[in-house]
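Subject: Structure handover

Dear colleague,

My notes on it follow.

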Amino acid sequence: MTFEIDRRNLLQMLGLAAVGGSVLSQATFAFAADTDNVTIGWPSDVPSWDPNLRFVPDAQPIFKLVFDQPLDQAPDLKLIPNLISKWELKPDGLSMPFEIRSDVKFHNGDPMTMEDFKYTFVERVKSGLKLDIANSWRTLTDIEITSPTSGVMKFSAPTPTAPQWLAFLGSYLVPKKYVESVGPEEFAKKPIGTGPYKLVDYQMNSRIVLERNDDYFGAKPKVKRVTIDIIKDPSARTAAIQSGQVDLTVNIPVREAERLGKTEGLTAEINPFTRLILLQMRNDKGFSDMAVRLAAHHAIDKSALSKAFYGGAAVPLSIPATPGTPGYLPDYKFAYDPELSKKLLKDAGYTADKPATFTLAATNGQFPSDFDIARALVQMWQKVGLKVELQQIEYSKYFELNRGGQLPEATLYSFDNATGDPEIFSGYLMNPKMPFGAWKGQEIGDKILKLFVEPVYEKRIAGYKEVAKEAVETGANIPILQSVQTLVRKKNLNYVKYGNAWVLGSTMSWS
């Protein structure tokens, strides 16, 4: 028998009674006086101004203002030309001829060349620097330069997702001449790219100020100056948009977004996108027993979580893929069944005197209602006899712990995939040789490694669907909900909505 709980009852169950009315008193709202400027309230800083160094999904909309990727994505996530004007991945996946634009300049006036491509994606990767981009381009052996504007990427193994990676995460072009002249540390202090904006001021964990690049090769941004205020606390971001301190902000609690959407001069959105809310799972410690992992999964009422914290907008997931993406299985359902959870634990020898125990880690304010969801999970697990310790971690600390293999048994996390391709969902979550997931089980990992080099699209997608089911049914992966982005903005501020929740200052304008 399932239990139905609305948001108020769930919050009361957790001792999180909703704040009546509003957190903040109704404030007089003022429109921005200067339409040449936009101020954005953002939840986290960039990890470094070297865009090849670290993968942090929430930094991508910032990086994309200063740097360019070889390929780009349209709002519907279709790959489109950018620095690369033409490309053709060969059927065997072992090479990809491409052509680049001849009219692109870096912010210091130097022209972009094929040497910059070879430097970024081959020489830097092989330099010994600990760059996250090296994980993306581990099979790239060379870029053969065939003319000033053309070349061929050559791979040591079939690399069917090479085009997707040219538009994803750390694959930003950096200037060979400048980086070699000043060194990587100085480059990270004074970065230059080819992007639509130049960095003119930076105060770590506080403020980023960008000014329009009037020599940009693409469409010129309408807003001259973009200021990004780093506001980690969601209550502070709520206060900042209500007071008019910022013109747009994201990832505040749904209830606050709904309230602010009724405020004169503001509009609010709750947008599902290509990101998963899931549990990063270990395969050892308190989760070495598959029965415990499966009991934990069957005990989660995902629909109740969506209704309580996202107004029902977040789609409950049974597979680590979001609706509409190639690896999604719309007809596959993993049952919410707390009685089965109890049976699994009993059959495995766990009792009230000897309960199964593990630790859950979660951020607080990195994505909407993250810590509230974590507390709700602990309550659901306690109802079936699981003893769980809840631990709060900083978003930046998560990456350090994951790379060092120091995450606890379960970590509530929002896993980004701007491309929608299943390799970057199941593949990167379940590949034990990569730093993105906590699961290090080799049985699933071996199947993933074979799919990484499968050049036939249909076979690759079918393979990922099967391995995703296997991961869920063995408790190696616990997907919970499709992520949603809450966004509140001034009504006369326009922006382009992307299916992967990019919020780009370069697309903004005032009306």
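Which exposed residues does the face of α12 turned away from its buried side carry? They are Lys 346 and Asp 347, where exposed means over 50% relative accessible area, buried under 20% and partly exposed in between, computed with a 1.4 Å probe on protein chains only.

Before the rest, the conventions. This is a predicted model, in which local features need pLDDT of at least 70 and side-chain atom pairs count only at pLDDT 80 or more, while totals for chains, interfaces and linings use all residues. Residues are numbered from 1 along each chain as its sequence is written, and side-chain values use heavy atoms, with hydrogens and water left out. Helices (H or I, at least four residues) and strands (E, at least two) are DSSP runs, numbered from the N terminus.

Helix α12

This helix spans residues 338-347, and Pro 338, Ser 341 and Leu 345 in it are buried. Seen down the axis of α12, the buried residues fall within an arc of 45°, so they line one face of the helix; the arc is that of the directions from the helix axis to the C-beta atoms. An α-helix has 3.6 residues a turn, so residues three or four places apart point the same way. The cover over the buried residues of α12 includes α10 (290-298) and α13 (370-384). After α12 comes Gly 349, with a positive phi near 95°.

Helix α14

Gly 405 follows α14 and has a positive phi, near 65°.

Leu 401 of α14 counts as buried because its relative accessibility is 15%. Neighbours within four places in sequence aside, Leu 401 is in contact (heavy atoms within 4.5 Å) with Ile 393, Gln 406 and Leu 407. The C-alpha atom of Leu 401 is separated by 20 Å from that of Pro 479, 78 residues apart along the chain.

The ten-stranded sheet

Ten strands form an open sheet with mixed pairing, in the order β8-β9-β10-β1-β11-β16-β12-β15-β13-β14; two strands pair if DSSP finds at least two bridges between them. At the edges are β8 (197-203) and β14 (387-392), each of which pairs on one side only. From one strand to the next the twist averages 25°. Axes here are lines fitted to C-alpha atoms, for helices over the stretch in contact, and angles run from 0 to 180 degrees between N-to-C directions.

Strands β11 (residues 248-250) and β16 (residues 478-490) run antiparallel and are joined by three bridges. Leu 248 has Arg 489 as its bridge partner in β16. Helix α8 (residues 234-243) packs on this sheet and touches β1 (37-42), β11, β12 (266-281) and β16, and its direction makes about 160° with that of β11.

The four-stranded sheet

A further open sheet has four strands in the order β4-β5-β7-β6, with antiparallel pairing. Its edge strands, β4 (84-87) and β6 (140-147), each pair on one side only. The twist averages 25° from one strand to the next. Five bridges join β5 (residues 95-100) to β7 (residues 150-155), and these two run antiparallel.

Helices α16 and α17

Helix α16 (residues 442-452) packs against helix α17 (residues 457-473) at an angle of about 165°, with the axes 10 Å apart. The two are therefore roughly antiparallel to each other, a label for angles over 145 degrees; under 35 counts as roughly parallel, 65 to 115 as roughly perpendicular and the rest as oblique. The residues in contact include Glu 443, Ile 444 and Lys 447 of α16 and Lys 459, Arg 460 and Gly 463 of α17.

Glu 443 of α16 counts as exposed because its relative accessibility is 60%. Its C-alpha atom is separated by 9.7 Å from that of Pro 432, eleven residues apart along the chain.

Regards
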